[in-house]
Amino acid sequence: MLSKRLYDWIDLRIGAREIVKKELTGYLLPKKINEWYSLGSVLMVIFGLQIATGMLLMVYYVPDPEKAFKSITFIMNEVPYGWLIRLCHAVGSNMMVAVLLLHMFSVLMMGSYKSPRELNWLTGFILFCLIQGISLTGYLAPWSQLSFWATTVATNSAAAIPVIGPYLVEFMRGGKLVGPPTLGRFFALHVAVLPAVIAALVGAHLFLLKRTGISTPPSGVQQSRNPWPVESYRYESHPGGIPFFPNYALQDLTSISVYFAVFLAVVFFAPNFLFTPDAFVPANPFQTPAHIKPEWYFLANYQTLKIFPSELLGLSVQVAAMTLLALLPFLDRSPERNPLKRPLFLVCSIGGILIWIGLTIWGHYS
Amino acid sequence: MENDSRRKFLGVCLAGATVAAAAAAGYPVIRYLAPKSGKVGTDKLVFATSDIPDGEAKFFEYAGTSAVLVKTNAGALLALSAVCTHMGCIVQWEKDKQDFLCPCHAGHYSPEGEVLSGPPPKPLAKIPFTVADGKITVG
Amino acid sequence: MTLLPQHTRFRRRATFGALIFTLLAGPQAATAATAAAGEQPESACIQCHETLPDRLGAPVKLWRASIHAENGISCNACHGGDAKDAADAMNRTRGFLGAPKEAEVPAFCGRCHPGVMKDYLLSAHGKALGKGGPNCVTCHGNHRVVKASLELINEKNCSRCHSFERARTIRAAMQQTESYVVGIDARIAGFQAEGVDTDRLGKGLFAIRNRFHTLFHEVDVSLVKRESARIDAELGKLDLELKAIEDARARRRVVGGFVVTGLLLLAWLFHLLKKTYD
């Protein structure tokens with residue numbers, strides 16, 4: 001057969017069979033691996049789709065305050081299937097944050113962040129921050145009332161930082177207020193700087209994953225304690241485990257298909273659930289619309305700023321919470337990974353998540 | 001083995017479904033990127049005869065490409081494509097010599113669009129027009 | 001040559017003014033974003049009159065509920081004067097006009113609504129101005145001026161001066177067109193809020209509505225009927241365009257249904273194939 005001869009030809013030159021054996025069919029995963037482990041693959045597909053739709057949008061989008069809103073209106077109304085590409089990009093960015101939160105939740109619950117995987121957690125946490133950053137910068141691009149004023153509110157929160165705060169806000173905006181300079185720098189960050197940094201960090205995250213080996217899920221196994229510390233570097237292998245290809249690759253594909261079904265259901269049936277009517281009014285720097293709110297994933301931060309008597313206090317609490325989350329694997333050093341055997345951890349983490357959800361809902365209705 | 005035939009059947013189904021999914025994803029992208037079709041070129045353009053004095057040429061966009069109206073010193077009026085038939089540069093009107101020069105490779109055309117010298121393989125395409133009541137209608 | 005430097009000077013001043021504004025507005029504008037905004041800076045007129053009793057204070061409250069307040073048209077837009085200078089706000093040399101006499105009312109309102117003034121003056125109502133006939137505020141009210149609608153032609157209003165019969169016929173003739181206009185307006189607004197480019201449709205409706213509103217001061221029944229029929233035909237064209245958008249959206253949902261079903265099917269196939277390896 002032609003395909004087999006082609007494969008032989010390539011194999012002879014680059015040793016393709018060896019790579020496949022090592023990285024795919026011979027790459028063994030824990031026997032008790034579950035669906036949650038496929039969220040990383042789903043995220044990579046989402047990121048890829050964001051890049052593809054983003055590139056397509058750049059064909060017609062003009063990053064100029066005079067033309068940005070019109071170009072988006074043109075994409076949404078005139079260009080064939082422009083609405084689809086644009087909605088996929090806008091809905092996709094929200095889905096990316098949502099799936100990222102689920103991914104972090106599963107890692108948290110299965111204790112996979114624990115030693116020796118501190119670096120996996122840390123790179124993942126930085127990726128989480130960068131994804132929020134890329135969403136924030138992209139939010140300004142349509143230059144609508146919603147994007148303009150949500151950006152004003154979001155950048156303004158940095159003003160609470162003592163001494164450098166006001167200058168920091170001005171630096172981020174490229175001026176005293178959000179304006180044409182802001183669009184220029186946000187656009188550059190959104191389409192060039194952040195995608196490159198995120199791609200690099202995804203690479204680092206995957207490298208760490210491959211070097212350390214996949215963690216064993218703690219549920220349903222006898223030994224849920226990490227065999228750590230050890231004296232020297234050791235790859236966590238899973239002899240007798242299930243091969244990545246084809247077994248787990250098919251799980252990845254199943255999850256990706258389910259994700260796409262949910263994602264496109266939003267795109268086709270509830271696209272406006274993300275937009276308020278202000279999203280379709282061009283930005284007016286002299287008129288703040290009533291009830292302007294940041295995106296849903298910033299609502300908790302927004303509400304925290306509001307409930308504390310001083311903005312500095314509110315900001316400090318957020319910084320403390322984020323630092324705690326970033327350094328979690330360094331603070332939580334017990335080898336036990338099964339959450340059911342760690343009541344204190346379970347209470348704290350579920351409590352934290354409930355507080356976050358509560359603040360988000362409160363922020364939404366406040 | 002039962003599993004084998006099952007696997008084969010599912011594989012065929014999935015291959016078909018994947019092709020369908022790829023086509024469904026590709027079609028909007030191609031339509032999104034496709035140039036605007038239709039309408040271009042059916043529009044007629046109207047100029048006042050006074051717009052073009054004797055010996056002058058007027059360049060304009062017509063049917064999505066460049067065209068030129070020229071009135072020779074002798075008073076003859078012509079409408080031509082301004083795209084050189086050699087490599088697609090835009091010809092220039094040389095008022096003093098009363099001919100068209102393509103600046104890319106020095107192709108010369110007469111005001112009627114005939115090749116006088118240089119590499120162009122074909123004359124410039126003629127564009128239909130009518131003159132009535134001091135108005136030139138191109139198209 | 002003389003025009004150019006002047007022009008540049010003006011431009012420079014304008015830019016300088018904008019800069020000053022930005023500097024002054026900086027901190028407020030940023031904090032305003034966090035508070036629910038939309039509040040106008042209070043004028044000297046309102047600050048003072050709001051605290052005054054009865055006749056001098058009442059207009060502020062009435063105005064707050066008006067279409068003028070909604071659109072940021074404050075006291076001085078009609079009554080003149082300087083709203084920024086409390087001490088001298090009501091100085092005639094600052095353009096203060098005060099309240100118009102009865103016969104001056106149409107001209108007073110007509111400074112901003114010239115078309116409506118013309119329609120009114122040509123009507124039987126306008127011709128009776130100063131001879132006991134109604135002026136603008138008789139029907140539209142003063143200060144609490146609400147958006148003009150057919151509701152204003154009602155028995156209570158009209159029967160103050162004459163029988164309601166003819167007015168009732170006119171109103172009935174316009175009622176259908178009015179609800180057509182209101183319906184199309186709501187549909188356009190709905191699409192606008194969903195990101196459909198309704199600019200052209202909105203402008204089309206605006207023109208038709210204006211044409212329709214010129215009938216509001218007309219008292220010739222047959223003319224009203226003829227014009228209304230023509231306007232209905234124009235509205236019909238907008239209706240068709242809106243239907244086309246609605247149809248396109250419905251088609252998208254059908255396609256979306258197929259796409260989502262297809263993907264769920266794909267997920268199921270992948271799952272089945274995966275199970276063969278378990």
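This report describes parts of chains A, B and C in a predicted model.

## Basis

Residues are numbered from 1 along each chain as its sequence is written, while chains are lettered from A and ligands numbered from 1 in the order in which they are written. Because the model is predicted, local features need pLDDT of at least 70 and side-chain atom pairs count only at pLDDT 80 or more, while totals for chains, interfaces and linings use all residues.

## Chain C

The secondary structure of chain C consists of 13 helices and zero strands. Helices (H or I, at least four residues) and strands (E, at least two) are DSSP runs, numbered from the N terminus. Of the 278 residues in chain C, 17% are buried. A residue is buried if 20 or more other C-beta atoms lie within 10 Å of its own, exposed if 12 or fewer, and partly exposed in between, with C-beta atoms placed from the backbone. Among the contacts in chain C with a separation of 6 or more, 58% are between residues 24 or more positions apart. Two residues are in contact if their C-beta atoms, placed from the backbone, lie within 7 Å.

Helix α7 of chain C covers residues 114-122, and its residues Val116(C), Met117(C) and Tyr120(C) are buried. Seen down the axis of α7(C), these buried residues fall within an arc of 100°, so they line one face of the helix; the arc is that of the directions from the helix axis to the C-beta atoms. An α-helix has 3.6 residues a turn, so residues three or four places apart point the same way. The buried residues of α7(C) pack against α6 (105-110) and α8 (124-127) of chain C. Exposed residues Pro114(C) and Gly115(C) are on the face of α7(C) turned away from its buried side.

## Where chain A touches chain C

Contacts link 32 residues of chain A with 30 residues of chain C. On the chain A side, the elements giving two or more residues are α4 (68-77), α7 (145-156) and α10 (244-269) of chain A. The largest share, 14 residues, comes from α10(A).

By class, this side of chain A has 20 nonpolar residues, 11 polar and one charged. Ala, Val, Leu, Ile, Met, Phe, Trp, Tyr, Cys and Pro count as nonpolar, Asp, Glu, Lys and Arg as charged, and the others, Gly among them, as polar.

## Two crossing helices in chain A

The axes of α11 (residues 299-307) and α14 (residues 343-365) of chain A come within 7 Å and cross at roughly 75°. That makes α11(A) roughly perpendicular to α14(A). Angles under 35 degrees count as roughly parallel, over 145 as roughly antiparallel, 65 to 115 as roughly perpendicular and the rest as oblique. Axes are lines fitted to C-alpha atoms, for helices over the stretch in contact, and angles run from 0 to 180 degrees between N-to-C directions.

Among the residues that meet here are Tyr302(A) in α11(A) and Trp356(A) in α14(A). The contact has six nonpolar, five polar and no charged residues.

## Sheets in chain B

One open sheet of chain B has three strands in the order β2-β3-β4, with antiparallel pairing. Strands β2 (57-62) and β4 (77-81) of chain B are at the edges, each with a single partner strand, so one side of each has no neighbour in the sheet. Six bridges join β2(B) to β3(B), and Phe60(B) has Ala67(B) as its bridge partner in β3(B). Two strands pair if DSSP finds at least two bridges between them.

Another open sheet has four strands of chain B in the order β5-β6-β7-β8, also with antiparallel pairing. Neighbouring strands of this sheet are turned by 35° against each other on average, direction ignored. Three bridges pair β5(B) with β6(B), where Glu94(B) stands opposite Asp99(B).
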